[in-house]
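Take a walk through the model below.

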Amino acid sequence: MMKFIDTHTHLYDEAFNSDIDQAVERAKMAGVSGCILPAIDMDNQIKLLSLSDRYPGYLYPCTGLHPTSVNSSFREELQYVYDCSCKGGFCAIGEIGIDGYWSRDFIREQMEVFESQLRLASKLNLPVIIHSREATDEIFEVLRSVRGESLRGVFHAFSGSFETFIRYSEYGDFMIGIGGIATYKNSKLPETLKKIPLDRILLETDSPWLTPSPHRGKRNEPSFIPLIAATIAQAKGCTAEDVAAATTQNAEKLFGIKFNNT
Ligand SMILES: [Zn+2]
């Protein structure tokens, strides 16, 4: 059976309140042998941790401050991420980055928070999970400012061009996270994926959001990962088995986890 890793799911979101155990069961049945849980902010870090404690060796927690949660109390939030990361037990700092889509009110603060979390990850030798939405210039401005730090990680929900992927690679050992967007009609991603080597690609759902076709409109969940793998296989002219094997190996390497067979 194929083995997949969902490198980006918010299973602790309230959208899963009524059926979290069944959602995990369905994921296992679909061949998902591990999930990474990126954090958002202080409000849900505890919920994230209690869920990952319930599924040790299957759900892996992150800590980090999401750009859309950066507001006037960002210093307190950032301190919380520092405190969490000192305690250890996290496989990545994320998700972090810049979002110019929802609001640009705190864009300078988002940049400061992003920079500070990149330095933290470099110091702790942890990978980063980066969220970049309508903020390409700001992302590169921050990446330039931390040149010299040793960065590795993933640009999650990647939907950019091959050129953007190459530019990211100049600043660290970066992979791209591919999810539902690649399955949408008119998506330019499959064309781009043809040029991106399989050893740079991770699978992700970003569930409960970004549901892949043909389930668009419904809640997303990790058991939909095989649909993403099939789309990548089709784009690259290889088998879904090839995609499963490569992306699982990539996830193990990036996050330093040996995922179990389930
Ligand atoms: Zn996310």
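Predicted model: local features only at pLDDT ≥ 70, side-chain atom pairs only at ≥ 80, totals over all residues.

Strand β6 (residues 152–155) and strand β7 (residues 173–178) run parallel, and four bridges join them. Within this pairing, V154 stands opposite M175 of β7.

Now widen the view. β6 and β7 belong to an open sheet of five strands. The order is β4-β5-β6-β7-β8, and the pairing is parallel. At the edges sit β4 (93–99) and β8 (201–203), each of which pairs on one side only. How far are neighbouring strands of this sheet turned against each other on average? The value is 30°, with direction ignored. In general, strands of a sheet pair through backbone hydrogen bonds, either parallel or antiparallel.

Next come the helices. Two packed helices are described by the angle between their axes and the distance between the axes. Take helix α4 (residues 107–124) and helix α5 (residues 136–145). Their axes come within 10 Å and cross at roughly 40°. The crossing is right-handed. On the α4 side, the contact uses I107, M111, F114 and E115. On the α5 side, it uses E138, E141, V142 and S145. By class, the residues of this contact are four nonpolar, one polar and three charged.

Helix α8 (residues 225–236) and helix α9 (residues 240–255) have axes that come within 8 Å and cross at roughly 110°. Perpendicular covers 65 to 115 degrees, and α8 and α9 are therefore roughly perpendicular to each other. α8 passes α9 in a right-handed crossing. The contact draws on P226, A229, A230, I232 and A233 from α8. From α9 come A240, D242, V243 and A244. Which classes do the residues of this contact divide into? Eight are nonpolar, none is polar and one is charged.

Finally, step back to the domains. The domain assignment of the protein chain gives domain 1 (34–128) and domain 2 (151–262). Their centres, taken over C-alpha atoms, are separated by 21 Å. Twelve residues of domain 1 are in contact with eleven residues of domain 2. On the domain 1 side, β2 (32–37) and α4 are the elements that give two or more residues. β2 gives the most, with three residues. This side of domain 1 has eight nonpolar, three polar and one charged residues.

Note on methods: Residues numbered from 1 in each chain as written. Axes fitted to C-alpha atoms, helices over the stretch in contact; angles between N-to-C directions. Parallel < 35°, antiparallel > 145°, perpendicular 65-115°, else oblique. Left-handed = near helix turned anticlockwise from the far one by under 90°. Contact = placed C-beta atoms within 7 Å. Nonpolar A, V, L, I, M, F, W, Y, C, P; charged D, E, K, R; others polar. Pairing = 2+ DSSP bridges. Domains from an automatic or database assignment.
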